[in-house]
Amino acid sequence: MQSGHDTFRALLVAAGSLALPVASGCASYTERTADALHDFQGGHFDDALALYSDPEETGSEFLSGAEAGTVALTAGRWEQALLHFGGAVAAAHDIEARALIGADALGESLASWALNDSASAYQGEGFERVYVHTGLAMAYLALGKIDDVYVEARLANRLLESEEELYDTEYEAGGWGHMISAVTYELIGEPDQAYIDYQRMEEKGVGTAIAGRALVRLARQMGRADELARFEGKYGPDLERPEAAASVVVLAGIGLGPYKVESGLSLPTPDGLIQMAVPGYVERPQPVAGLRLVEEGSGATVLTEVVERVTRIAKENLEDRIGWIAAKSIARGLLKRELTKTLEEKYDWGGRVAGDLFLLFSERADLRAWLTLPDSYQACRMFVPPGVLRLRLEALGGESLELGAFELDPGETMLVFARTLGTRLHLHVIGGKPFETLATSSPAAQDSGTP
């Protein structure tokens, strides 16, 4: 027969063996992937890709795909970005399918629960699943696969609308997908379709500084006099542009988005502890506020405008879900308290202590999050005379990079994909023709291609 001491020890071991795997598995996601994030921030993209693309490193197929896809996109490895983002979509297939059916089906998925939230397979937060599709859209745009850009932009918008319907709210979101779509339509000479995307940005109140000017320009171009007058009243008259102007469009991710921390509360009751644990987002400091595009020959400059604030959206989306998360945590606490009562009845004070320990360590908030997302998405457009121009991109608060010299045909649009990490700036040019040896010496120019 076991002694009381042996029984107590056995209970502690059992409680520990049950609690420690869940307590150590997901709550330390930020710590477990710290080396990968450090490599990403330092521009060591090969090392970051190797770590993030391993699901054993991240503990999540979705996060492996999302994080590695972001690294590949920042590095200008478009095919790899498609591969990894595609893996994230596959990992979230079930919940995405429900979201596309409607808000009720999505809500049923989110209401499910397990031993703790981090014990379930991570399929991304709602806003994260939206950004996977905008990441795919950008990679397709870089490769010139126009039809695929539209597919991903539409999916991103439908998923966002499902989230908004579920929580009966409107996020200051959706602008980035519409921005990518609008730019793509203009690239292929469909201003009427681009106009619709810019209108949706304006209606949602996202990226209105850049969308408003685009609406004035396109309303004038398409002869929509009534709408032109209305938009000019809000955003001012159309800007003067060179005849047969070419343009340079910058699409940029600025900084790093937030990370999650746990807030917990232990409530002692006569029948045992009730433990509640919920996540919260912490905003990172952002050394770079935005970007400045400079045409060195004329001295013309244009600043990027914020299209979407990822950190704000992350916080708002979590606030909408926090009631569900807290309710599930409390419900689990009540069930685990009943387990404690059963152990106490059977093993006296030793069972009570073991039950309380199990509850304390097993109820953990889910701190998994897509950590390579930017703090904000920003964009700008500069109209330039056709011909040869020299460009420079400056991070406000960070480094400045020469893009080199490019020749643009009348009406041509050149894209610049950019990302800031700390004070460092990474960029890739899509389109344009590198001009002479001045351009070919630029790392950015060597990525040049035609969408």
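Colleague: A pocket here is an open set of points on a 1 Å grid over the protein atoms alone, with protein on both sides within 12 Å along at least five of seven lines, and lining residues have an atom within 4 Å of a point. Which residues lie nearest the centre of the second largest pocket?

Modeller: They are Arg 213, Leu 239, Val 302, Arg 381 and Phe 383, out of the 24 residues that line this pocket. Bear in mind that the model is predicted, with local features needing pLDDT of at least 70 and side-chain atom pairs counting only at pLDDT 80 or more, while totals for chains, interfaces and linings use all residues. Residues are numbered from 1 along each chain as its sequence is written, and side-chain values use heavy atoms, with hydrogens and water left out.

Colleague: Which helix and strands supply at least two residues each of that lining?

Modeller: Helix H14 (208-221), strand S5 (300-303) and strand S7 (376-384) each do so, where helices (H or I, at least four residues) and strands (E, at least two) are DSSP runs numbered from the N terminus. The volume of this second largest pocket is about 380 Å³, taken as the space filled by probe spheres set on the points.

Colleague: Switching to cavities, how many of 30 Å³ or more are there?

Modeller: The structure holds four of them, a cavity being a set of points where a 1.4 Å probe fits but cannot get out. The largest cavity has a volume of about 240 Å³, and of the 22 residues lining it, Leu 73, Thr 74, Met 138, Ala 418 and Arg 419 are the closest to its centre.

Colleague: Which helix gives the largest share of that lining?

Modeller: That is H10, with four residues. H10 spans 126-143, and among the other elements that each supply at least two residues of the lining are strand S1 (246-254) and strand S11 (424-430).

Colleague: What about helix H3, which of its residues are buried?

Modeller: In H3 (residues 34-41), Ala 36, Leu 37, Asp 39 and Phe 40 are buried, meaning under 20% relative accessible area, with exposed over 50% and partly exposed in between, for a 1.4 Å probe and protein chains only. Seen down the axis of H3, these buried residues fall within an arc of 160°, so they line one face of the helix; the arc is that of the directions from the axis to the C-beta atoms.

Colleague: And which exposed residues sit on the face turned away?

Modeller: Asp 35 and His 38 are the exposed residues there. Just after H3, Gly 43 takes a positive phi of about 80°.

Colleague: Zooming out, how many helices and strands does the chain have?

Modeller: The protein chain comes to 18 helices and twelve strands, and 53% of its 451 residues count as buried.
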